[in-house]
Amino acid sequence: MEQDSTQTTILPVSGKDSLYLALLKFLSCIAVIYVHAYTPQYGAFAAAVNKLPLFHYVAEITSKYIATVAVPVFFAVSGHLYFSKKYTQKWHIFMGRKAKSILLPYILWNSLAIGYIFIFQLLPAVRNIFPANKIIANFGVGNWLDAYIGWGNEWYPFLYPLWFLPSLFAVFAVVHIFRGYLYKHDWPVWVLTGVNIVSFIYVPLYLYLADYGPFLRLLYAIAFFTAGKLLLKNRPRLENNRVLCIALAIFAVSVVLEFVKIIPDTKWLIVSLYSGLTAIFIIAGKVVEKFKKIQQPVLFLSGFSFLIYLTHEFALTAIFSLIYPVLPLNSTCFLTVYFSVPLLLAILLICGGWCLKKLLPQVYIFLFGGR
């Protein structure tokens, strides 16, 4: 969190809260790896999903429902950190600082990915596996806007896992305009929550992609960002077993509604995200209360969250593309690989990040902002 003389504390972050938020951040980064572990683009994975019901149910529910809660957690944690301080800076000064801390890392990593792919596309065999709109040498103005903003035909930037960063920057841009009112009142957050849920349940997917994609994504981001204020502000009321059971029950029902498609033309995933978000905040709080000795390991591991988030997708793609084709068509084998590889990759990335941080600290800071 950046320090500034124009900040005053309104929702103080204690040492325990810092540990709590660090745990949430690290768990979310691990969960994001599992989001990208669901890889139906690989023939072997798709074959297993079609022929192994147990693997299909476990992998899809884990990646597409349980792990997906990670993204709302990212926004909610960022929202609490924002609302814990009362910023009095003018909009352009505040956003200038956010451009340095959010946009510059995003532009750096997105550009590195584009350059990396461009070099490989110089090889005809590699170039032929890309669709025409992804051939970088042929990019026009619209393609470049899509590659960095994700606004036109492509709803995500070129390095698509990074969509979170420009979305977070847009959230800060909007929220900071209305900060005075949002500091004082909670009802706008409840309204945003209601609109967010209704929009995502009832707007058909084809309309979401064709007409409303960027706007709904911004609504989604702002709603979860501001929800972070309520979750932390009301944490003492939330942290009881009854609320946890209710959140988990709503999560389970909404997953069933979405997974089985009981009600056609509706999308219940957004309900599972809100209930899952509430549940994981409660669970993290209970973990911090019960296991007081985890402070140093959690703070150490969470320091590599940004590295894991940035680098895991390409590494995971390379590993799975080698492993899945040679696995026997067996649920036990596929589930073992599905669950173990993301954890092993996280360990490998943390070890590599620690070595880089020790040996070349300035390089580490340049690449990962010292986070």
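I began with ring pairs and found 41 aromatic pairs in the structure. The model is a predicted one.

I looked up tyrosine 87 and phenylalanine 94. Their ring centres are 5.1 Å apart and their planes stand at 65°, so I logged the pair as edge-to-face. Tyrosine 87 and phenylalanine 94 are both buried.

I then took tyrosine 116 and phenylalanine 120, an aromatic pair with 4.9 Å between centres and 55° between planes, which is tilted. Both residues belong to helix H5 (residues 91-121) and are 4 residues apart, about one turn of the helix. Tyrosine 116 has a relative accessible area of 44%, so I noted it as partly exposed. Phenylalanine 120 is also partly exposed, at 37%.

I noted one aromatic cluster whose members include Tyr34, Tyr38, Phe45, Phe55 and Tyr324.

Next I checked charges over rings. Lysine 98 places its charged end over the ring of phenylalanine 172, 4.4 Å from the ring centre. For lysine 357 the ring is that of phenylalanine 304, and the distance to the centre is 5.6 Å.

I turned to the nonpolar cores. The largest has 105 residues, and Phe55 and Tyr324 are among those touching the most other members. Helix H1 (residues 15-35) supplies the largest share of this core, 13 residues. Another core, of 6 residues, lies apart from it and includes Ile114 and Phe158.

Last, I recorded the totals. The protein has 18 helices and 2 strands. Of its 371 residues, 47% are buried. Among contacts with a separation of 6 or more, 80% join residues 24 or more positions apart. The accessible surface is about 18600 Å², with 71% belonging to carbon and sulfur atoms.

Note on methods: Residues are numbered from 1 along each chain as its sequence is written. This is a predicted model: local features need pLDDT of at least 70, side-chain atom pairs count only at pLDDT 80 or more; totals for chains, interfaces and linings use all residues. Side-chain values use heavy atoms; hydrogens and water are left out. Buried means under 20% relative accessible area, exposed over 50%, partly exposed in between (1.4 Å probe, protein chains only). Contact means heavy atoms within 4.5 Å. Accessible areas come from the Shrake-Rupley method with a 1.4 Å probe; for residues, only the protein chains shown count as cover. A nonpolar core is a set of buried Ala, Val, Leu, Ile, Met, Phe, Trp, Tyr and Cys residues joined through side-chain atoms within 4.5 Å. Rings of Phe, Tyr and Trp (its six-membered ring) pair if their centres lie within 6.5 Å; planes under 30 degrees apart count as stacked, over 60 as edge-to-face and the rest as tilted. A charge sits over a ring if NZ of Lys or CZ of Arg is within 6 Å of the ring centre and within 35 degrees of the ring normal.
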